[in-house]
Amino acid sequence: MDGEADLVVTSVHKMGGAVEQSSVFHLRGDRVAVDVLKQREDLLGTTSPSSLVYCALDGWRRQMVEQGGELLDTALRRSARIRAEVAAMPGLRLLDQEAVHEGYTAELDPLKITVDVRELGISGMQAAEWLRTARHVDVGASDTCRISGQITHADDDRTEELFVDSLRALVEEAGSLERRPRVLLPEPGALELEQAMLPRHAFFGEAEQVPAEKAVGRIAAEMTSPYPPGVPVVAPGEVITAEVVDFLVSGAAAGLLIPDAADPSMRTMRVVAR
């Protein structure tokens, strides 16, 4: 909102203290009419909302009004200690202000501890799996390169120590983990695919499942969104390229979750029938 956005949606279950599926609108200025926004939300929202979600949102809002400054200051100090510990660990590369300096983002959230683990010879998915199995620690997200944990106002000295000790143990044990196939990451520009057909026509039209290598040059008939972050690499109606196929096939082999593809193994892809 400080960047003068007219409307922002915040997932409070990610950035605050509410239960899953809790989100709020932030409205600024008069460009977006309140009554119009409410109509749009009513059109797309459920007619059976959960009272638990509303209670959690209201409780979080009140807590932030009454105690938010103190709680978040404590969390920021805790995060600074953790970031200093992680930055000193061999084989771990902490995402820091270089992301801002290089223009990848406008601001860094210090409460998110994002760590590149590739120097350990493992993927972020492997690191997350090991932390969950061996240390009973769940990180917020993982991908082919990184893991990301989040520090909140609910953390205390015990969880701080557990997180740091678990990362230190990961560094020590990484050499014993199985080496997975390398993921062939495309350049960002290679993900800007040609739109050859309207998404609706491609998705609802006649389609066929073909081997992945034969999908190059064909028009996609499905959404393909590796998670995280869950952003589509291929959308219906786009022309599939060799770079995208290599990424999806190698990613699936390395353990990347692709939940919306008809064949999550990516051995085959759904394309518009000829």
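Trainee: How many salt bridges does the structure hold?

Mentor: The structure holds 16 salt bridges. This is a predicted model, in which local features need pLDDT of at least 70 and side-chain atom pairs count only at pLDDT 80 or more, while totals for chains, interfaces and linings use all residues. Residues are numbered from 1 along each chain as its sequence is written, and side-chain values use heavy atoms, with hydrogens and water left out.

Trainee: Why is the contact of Glu66 with Arg62 called a salt bridge?

Mentor: The term requires a side-chain nitrogen of Lys or Arg within 4 Å of a carboxyl oxygen of Asp or Glu. The closest N and O atoms of Glu66 and Arg62 are 3.0 Å apart, so the pair qualifies. Side chains of opposite charge can pair when their charged atoms come close.

Trainee: What separates Glu66 and Arg62 along helix H3?

Mentor: They are four residues apart in helix H3 (residues 51-87), and therefore separated by about one helical turn. Helices (H or I, at least four residues) and strands (E, at least two) are DSSP runs, numbered from the N terminus.

Trainee: Which parts of the chain does the salt bridge of Arg78 with Asp157 link?

Mentor: The closest N and O atoms of Arg78 and Asp157 are 2.9 Å apart. The pair links distant parts of the chain, Arg78 in helix H3 and Asp157 in helix H6 (residues 157-173), 79 residues apart. Arg78, Arg81, Asp157 and Glu160 are linked in a network of salt bridges.

Trainee: How do you know whether Arg78 is buried or exposed?

Mentor: Buried means under 20% relative accessible area, exposed over 50%, and partly exposed in between (1.4 Å probe, protein chains only). Arg78 has 7%, so Arg78 is buried.

Trainee: What makes Glu129 and Arg180 partly exposed?

Mentor: Glu129 has a relative accessibility of 41% and Arg180 a relative accessible area of 29%, so both values fall in the intermediate class. These two residues also form a salt bridge, with the closest N and O atoms 3.7 Å apart.

Trainee: Which residues form the nonpolar patch on the surface?

Mentor: Leu7, Val9, Phe25, Leu27 and Val34 form the patch, with about 430 Å² of accessible area together (Shrake-Rupley method, 1.4 Å probe). Strand E1 (7-11) and strand E2 (23-27) each give two or more residues. Patch members have over 30% relative accessible area and no salt bridge, nonpolar side chains (Val, Leu, Ile, Met, Phe, Trp, Tyr) being joined within 5 Å and like charges within 9 Å. Phe25, at 42%, therefore passes the area cut-off.
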